[in-house]
Amino acid sequence: MLDEAISSLDAHTQVQVMDLLKELKEQLSLTYIFITHDLTSITYLCDDVLFLYQGRVTEHLPVERISETKDEYARKLLESIVIFDTEEYE
């Protein structure tokens with residue numbers, strides 16, 4: 001279990017640790033429980049994502065479908081860092 005394992009590290013060290021974790025995961029067929037608020041690291045390292053709110057799982061998705069969340073709390077969390085409205089850019 002990795003609980004906020006990279007949160008206190010500088011950006012360069014975070015990337016190094018994430019690369020190492022990803023490499024070990026692939027080479028050794030490891031499974032991690034990776035607890036974080038950093039959604040970028042989730043999309044880099046994880047296959048699935050669970051959103052928790054007040055100690056309860058509110059959404060479980062494959063990471064490639066993270067933008068499809070229906071849960072209100074998860075949606076607010078995602079929208080706080082990612083813009084999903086592509087009409088703005090057309």
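In these legends to a predicted model, a residue is called buried when its relative accessible area is under 20%, and exposed when that value is over 50%.

**View 1. Ser41, a buried residue of helix α2.** Ser41 belongs to helix α2, which spans residues 39-45, and because its relative accessible area is 4%, under the 20% limit, this serine counts as buried. A polar atom of the Ser41 side chain is placed 2.8 Å from the backbone oxygen of Asp38. When neighbours within four places in sequence are set aside, the residues in contact with Ser41 are Ile6, Met18, Phe34, Thr36 and Cys46.

**View 2. A nonpolar surface patch that includes Met1.** Met1, together with Ile33 and Ile35, makes up a nonpolar patch on the surface, and the accessible area of these residues together is about 340 Å². Met1 itself is found in the segment that precedes strand β1, residues 2-3, and with a relative accessible area of 74%, which is over 50%, Met1 is therefore classed as exposed.

**View 3. The hairpin formed by strands β3 and β4.** Strand β3, covering residues 48-53, is paired with strand β4, covering residues 56-62, in the antiparallel sense, and the pairing extends over six bridges. Within this arrangement, Leu52 has Val57 of β4 as its bridge partner. Two residues lie between the strands of the hairpin, and in this turn Gln54 adopts a positive phi of about 50 degrees.

Methods:
Residues are numbered from 1 along each chain as its sequence is written. This is a predicted model: local features need pLDDT of at least 70, side-chain atom pairs count only at pLDDT 80 or more; totals for chains, interfaces and linings use all residues. Side-chain values use heavy atoms; hydrogens and water are left out. Patches are made of residues with over 30% relative accessible area and no salt bridge: like charges are joined within 9 Å, nonpolar side chains (Val, Leu, Ile, Met, Phe, Trp, Tyr) within 5 Å. Accessible areas come from the Shrake-Rupley method with a 1.4 Å probe; for residues, only the protein chains shown count as cover. A salt bridge is a side-chain nitrogen of Lys or Arg within 4 Å of a carboxyl oxygen of Asp or Glu. Helices (H or I, at least four residues) and strands (E, at least two) are DSSP runs, numbered from the N terminus. Buried means under 20% relative accessible area, exposed over 50%, partly exposed in between (1.4 Å probe, protein chains only). A polar contact is a pair of N or O atoms within 3.5 Å; within protein, one must be able to donate a hydrogen and the other to accept it, and residues adjacent in sequence count only if both atoms are side-chain atoms. Contact means heavy atoms within 4.5 Å. Two strands pair if DSSP finds at least two bridges between them.
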